Amino acid sequence: MLFSDLVVIGGGPAGMSAALAAAGHGIKVTLLERMESLGGQLVKQTHRFFGSESEYAGTRGIRIADILREKVESNRLIDCRRGSTALGIYEDGVVTFEEGTQYKKVNMDRLVVATGASEKMLVFEGNDLPGVYGAGAVQTLMNLYGVLPGRKVLMVGAGNIGLIVTYQLLQAGVRVAAIVDAADHIGGYLVHASKVRRCGVPVLLGTTIRAALGTTEVEGAVIQKLDSHFHPIPGTEQRLDVDTVCLSVGLSPLTELLRLAGCKMRYIPALGGFVPVHNSYMQTSRSDIFVAGDASCVEEASSAMMEGAIAGLSAAISLHVPSAGILEQRERRIRELAALRAGDVGAKIRNGLAVMAD
Amino acid sequence: MRIQQHPILNFEPAEEIPFYFEGKKLTGKLGDTIASALHANNIRMLRHEHRPRGLFCAIGNCASCLMEVDGRPNVRVCVEKLRPGMVVKIQKGNGTLGKEEK
Amino acid sequence: MFTQDGIVTKEMFESSLPSPQRRRKGPYAVMECYQKIPCNPCRTSCKFGALQATDDLNALPVRDAEKCTGCGACVSACPGLACFIIDETYSEWEAAIRIPYEMLPLPKEGEKVDGLNRAGVPVAEVRVLKVQAGKILDKTNVVTIAVPKKYLYDIRNIAVRRKEHG
């Protein structure tokens, strides 16, 4: 049995920020990461981040991953356990995990769950064919392993991920036949849209994928226009010559461990689906468990890092560790997060959080 | 298909790793997962359960890419690192335990 | 419409141009950023105070053309690749436009390339005047092209005609 003041589950942007924030106030942290290296989804974000310059804006995600990883790995208060998958959370404060082929236990006083999210699926004929990928999978293949998913892609979804991954496909020399989205407007940042448009990729709104064609793998796709009630318009089917379909239709928070721990959950579509109810200190209905990042609500990596810092500081504060300026530091973080969400594009999250606070 | 040149990323040359897929000898690279090595060899069908299945999430969340590796079924090849001499097979159905090569 | 096709309209572009007198003086930046998103690297990159300071992270950038020297620091700093430098004094019938470029192959100075409009359609042959690819740019390279003045609004990208991409 290991003992730790604070256990952080997940070594992505939120989890690393939480571990660093708490360790910065002398808290002993055990960080569990199921992959062999830290970084979460940052390790494949080749684009420069938005947000505030003080929070790595203008820096590529891959570089932010390096910066955070270096800080975490060199911090003597953080026991960084890679290749460790959290399995359970018990009433007596024991977190169990699998490390390699070993089953291990850690006794904690406080817990931060920063498990991220998983990609959503879309229902259409042939959606199980090899060659239909989640957008994150395409990023992983290309940007982590240097391998192409195919030669010509249909992108489904014009949110930020769909637009960014389209651009990354172009950078890797892959053709993108079109981006389709059922909505009547582009959901992602319009600067991202302008970038892919001037590379010649059409964005077809009010349009969805009806089928992925092929026998053993994708050899084509059928798209179709939708009316204002999202019903397919007969006769508007169009066949596209593609070998890959990339889905970027949203993310679902990975909350199994939080449910297991008995945290109160609520279904809030604006935040990505079932999310753990939490306050502005990132504290859940269980006073010893905090959340951060996409596991708390699906948003950007920049907000995940801020939420992580708030969760780590809150965990430290609740342990009554006397540390100068910690309350002010948390207040500043909360203000920065609010500033990030203050604009037009933050409205959805603001509304979702208002529903949660209700 | 491997990326030869990339405007942002540098892919350093890596040691080649031989492995077997359906009895055929293929080559991957040090650092590859089984799935990335197969994709680099243009192999995208990884499993067959009534219908062909391939890679979907690539980070170990879903169960789309389960293959038989060295006799062990249900290996998530998206997160399993490639090792020299691995024997990789398309998994048909649920797979059977007890055939592992010790 | 911009929110449906991601294409900045001619009206939007023209309304963000400096005064005619300033345009005749030399290079200036255009910030083709028309949606309030949380972002500020352009503001912090400007050494001349030409981008109004604000506490609102979501505020649109406002460029003071009198302070802007057209130095181009914002071009490679903008995460949205939405800043461009226009120099209408380059020649009588051509303007020099500096664009951020993150594709391969990089063009060479003097090379003739396709000038692409905002929908990626080639509209004119353009000449590459300069290629900046220094380490400080961190791979958001900056390519200066000579563009016929009648395409001042249209051309925002290039396609290199050589095939050198894996």
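Which residues in H4(A) meet which residues in H5(A)? The views below answer this and then turn to the domains and chains. The model is predicted: local features need pLDDT of at least 70, side-chain atom pairs count only at pLDDT 80 or more, and totals for chains, interfaces and linings use all residues. Residues are numbered from 1 along each chain as its sequence is written, while chains are lettered from A and ligands numbered from 1 in the order in which they are written.

**View 1. The contact of H4(A) with H5(A).** Asn160(A), Leu163(A), Ile164(A), Thr166(A) and Tyr167(A) of H4(A) meet His192(A), Ala193(A), Lys195(A) and Val196(A) of H5(A). Contact here requires C-beta atoms, placed from the backbone, to lie within 7 Å; helices (H or I, at least four residues) and strands (E, at least two) are DSSP runs numbered from the N terminus. The residues of this contact comprise five nonpolar, three polar and one charged. In this classification Ala, Val, Leu, Ile, Met, Phe, Trp, Tyr, Cys and Pro are nonpolar, Asp, Glu, Lys and Arg are charged, and the others, Gly among them, are polar. The two helix axes come within 9 Å and cross at roughly 35°; axes are lines fitted to C-alpha atoms, for helices over the stretch in contact, with angles from 0 to 180 degrees between N-to-C directions.

**View 2. Helix H4 of chain A and its surroundings.** H4(A) spans residues 160-171, and its 12 residues reach 16 Å from first C-alpha to last, close to the 16 Å expected at 1.5 Å a residue. That expected span is 1.5 Å times one less than the number of residues. The helix is mostly covered, with 12 of its 12 residues buried, a term that applies when 20 or more other C-beta atoms, placed from the backbone, lie within 10 Å of a residue's own. The cover includes helices H3 (135-144) and H5 (190-197) of chain A, together with strands E9 (152-156), E10 (175-181) and E15 (244-247) of that chain. Just after H4(A), Gly173(A) takes a positive phi of about 90°.

**View 3. The two domains of chain A.** Domain 1 (2-118 + 251-357) and domain 2 (121-247) are given by the domain assignment of chain A, such bounds coming from an automatic or database assignment. Their centres, taken over C-alpha atoms, are separated by 31 Å. Six residues of domain 1 are in contact with eight of domain 2.

**View 4. The two domains of chain C.** The assignment for chain C gives domain 1 (1-89) and domain 2 (93-166). A distance of 19 Å separates their centres, taken over C-alpha atoms. Contact involves 13 residues of domain 1 and 15 residues of domain 2. On the side of domain 1 that touches domain 2, helix H2 (10-15), helix H5 (73-77) and strand E2 (83-87) of chain C each supply at least two residues, and E2(C) gives the most, with four.

**View 5. Chain C against chain A.** The contact takes 36 residues from chain C and 34 residues from chain A. Helices H1 (2-5) and H4 (41-45) of chain C each supply at least two residues to the side touching chain A; H1(C) gives the most, with four residues. By class, that side of chain C has 18 nonpolar, 12 polar and six charged residues.

How values were computed. Two residues are in contact if their C-beta atoms, placed from the backbone, lie within 7 Å.
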